[in-house]
Amino acid sequence: MTLFRAAFGAALLVASIDQTALATTQNVIFNGTIAPTCTLVVATNGTMTASPDLQSLSSHNSGGSAGTVTLTTTGGVSLSVDPVTTVTVPSADITSTTWTPTYSAAGAHSIVETGSATSIGTPGADLVSVHLAGTKGGSNRFANGNYQATVTLRCE
């Protein structure tokens, strides 16, 4: 009987060795969330030049140039410029100046020049051109000296 049990156990062992294990599968799920984001990188600063009548100091005037910023976004954001708050003028310039920042974009998104906020719904990369114009009213003129103003481009 012991011999029979040993032989039977060996036969079962041999039979189970030849059998293939049953296959089983499981699905592994991956989730990811990307919040609306954007990255702004200043490529070049702008240059303002005076108009012949000295009532305009602008990046649009002859010899002036826009500042350029690279924008990369996931979409779902808004692009805008803040009002100018930081300005340095020569001491001889004592009359008021109205500063008007604007921007335009080319690339994945086409934005015509504006000073208002623009919604960007899709992902992509753009080159944003930022302009600034200072204007004097009435008989006021820009004085000689160095001028500097900061335009904040905002993407949120």
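Q: Which residues does Lys136 touch, not counting residues up to four places away in sequence?
A: In this predicted model, Lys136 touches Gln55, Asp93, Thr95, Ser96, Thr97, Arg141 and Phe142. To count as a contact, heavy atoms must lie within 4.5 Å.

Q: Where is Lys136 placed?
A: Lys136 is in a loop. That loop runs between strand E10 (124-135) and strand E11 (148-150).

Q: How do you know whether Lys136 is buried or exposed?
A: Its relative accessible area is 6%. Buried means under 20%. Lys136 is therefore buried.

Q: What makes the link between the side chains of Lys136 and Asp93 a polar contact?
A: The two side chains come to 2.5 Å. The limit for such a pair of N or O atoms is 3.5 Å, and one must be able to donate a hydrogen and the other to accept it. The pair Lys136 and Asp93 counts as a polar contact.

Q: What does the side chain of Ser59 make a polar contact with?
A: Its partner is the side chain of His131, at 2.7 Å. That value falls within the 3.5 Å limit. His131 is also among the residues that Ser59 touches, as are Thr47, Met48 and Leu132.

Q: What makes a set of residues the largest nonpolar core here, and how many residues has it?
A: Members must be buried residues of the nonpolar kinds named for a core, joined through side-chain atoms within 4.5 Å. The largest such set has 13 residues. Leu79, Tyr103, Val128 and Leu153 have the most contacts inside it. Elements giving two or more residues include E4, strand E5 (77-81) and strand E7 (98-107). E5 gives the most, with three residues. Another core, of seven residues, lies apart from it and includes Val84, Leu132, Phe142 and Tyr147.

Q: How many charged residues are in the lining of the largest pocket?
A: Asp, Glu, Lys and Arg count as charged. The lining has no charged residues, but 13 nonpolar and 13 polar ones.

Q: What lies nearest the centre of the largest pocket?
A: Asn45, Gly46, Gly67, Ala149 and Val151 do, out of 26 lining residues. About 530 Å³ of space lies in this pocket. Strand E1 gives the most to the lining, with four residues.

Technical notes:
Residues numbered from 1 in each chain as written. Predicted model: local features only at pLDDT ≥ 70, side-chain atom pairs only at ≥ 80, totals over all residues. Heavy atoms only, no water. Buried < 20%, exposed > 50% of the residue type's maximum accessible area, 1.4 Å probe, protein only. 1 Å grid on protein atoms, 1.4 Å probe; cavity = no way out; pocket = protein on both sides within 12 Å on 5 of 7 lines; lining within 4 Å. Points joined across faces, edges and corners; volume = space filled by probe spheres on them.
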